[in-house]
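This report describes a sheet, a helix that crosses strands, and the aromatic pairs of one model.

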Amino acid sequence: MHKFSFNIRIFLKAVATVASAVFVVLALSAPIIAASAKSGETKTVVVDAGHGGADGGVTGKRTGVKESELNLKVAKLLGEYLIAGGYRVIYTRQNDTMHTNPKVQDNKKRADMFKRGEIINSANADAVVSIHMNFYSSPSRRGAQVFFDRHSEDGRQFAKVLQDIINNDINSENGGRTYSALSAEKYLLSCSPYPTVIVECGFLSNPFDEANLIEPAYQAKLAHTLYLGIDEFLNGNAA
């Protein structure tokens, strides 16, 4: 099992966004040092915060929080963990925006996705992670799940590594069911030759998941768990 440990700088930055004063005492374990940093080889990870701008994605059933807002928060935290671990990070977006694309004039959503695909394909990435939040008709469904393109064996392996760590560190600890990584037919998963996954971080239709996902401390924990999975896939660094 992968034991969770916070990077204090990133965690405190997340907690600082809370309006009221919060005092946190953490027992820290060994610092995060990726094999890529130790070996001198810098590997590249593309972090995609799903949706944005006019495309807010799904909304929280209780709070009305927008998926796009949560995606961006988790994506930025994940990027900070990766940078601290010695990785080069490329974001597909860093603010609440929806991309335009001169090649696509008739569909804003398609234009946005094609632009993200262009960013990914120009990155020469070692891995691509797209952050999303889920929604389901039944409020009982909860937990995080990873998706991959069925034609990509590297994507399948990447998804399995991430899902195993998420099951251990997130799903099992929070009372939700564990999942297997699944294939999906999504443009972002198939638009490049790089190992790519979509992570549905939890269900905004579930009150427990929603309550967790809006908390900065949980966002930081989730981002750190994703970091561990990426690091293990790219470097075999089991925590």
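Helix H3 (residues 67–84) lies across E1, E2 and strand E3 (127–134), and runs at about 145° to E3. Helices (H or I, at least four residues) and strands (E, at least two) are DSSP runs, numbered from the N terminus; contact means heavy atoms within 4.5 Å. Axes are lines fitted to C-alpha atoms, for helices over the stretch in contact, with angles from 0 to 180 degrees between N-to-C directions. The model is predicted: local features need pLDDT of at least 70, side-chain atom pairs count only at pLDDT 80 or more, and totals for chains, interfaces and linings use all residues. Residues are numbered from 1 along each chain as its sequence is written, and side-chain values use heavy atoms, with hydrogens and water left out.

The open sheet has six strands in the order E2-E1-E3-E6-E4-E5, with mixed pairing (two strands pair if DSSP finds at least two bridges between them). Its edge strands are E2 (88–91) and E5 (182–183). E1 (residues 44–49) runs parallel to E2 through four bridges; Val 46 has Ile 90 as its bridge partner in E2.

The whole structure holds four aromatic pairs. Rings of Phe, Tyr and Trp (its six-membered ring) pair if their centres lie within 6.5 Å; planes under 30 degrees apart count as stacked, over 60 as edge-to-face and the rest as tilted. Two of the pairs are tabulated.

| Pair | Centre distance | Plane angle | Class |
|---|---|---|---|
| Tyr 81 and Tyr 227 | 6.4 Å | 35° | tilted |
| Phe 158 and Phe 233 | 4.5 Å | 20° | stacked |

Tyr 81 lies in H3 and Tyr 227 in helix H8 (residues 216–235), so this pair ties together parts 146 residues apart in sequence.
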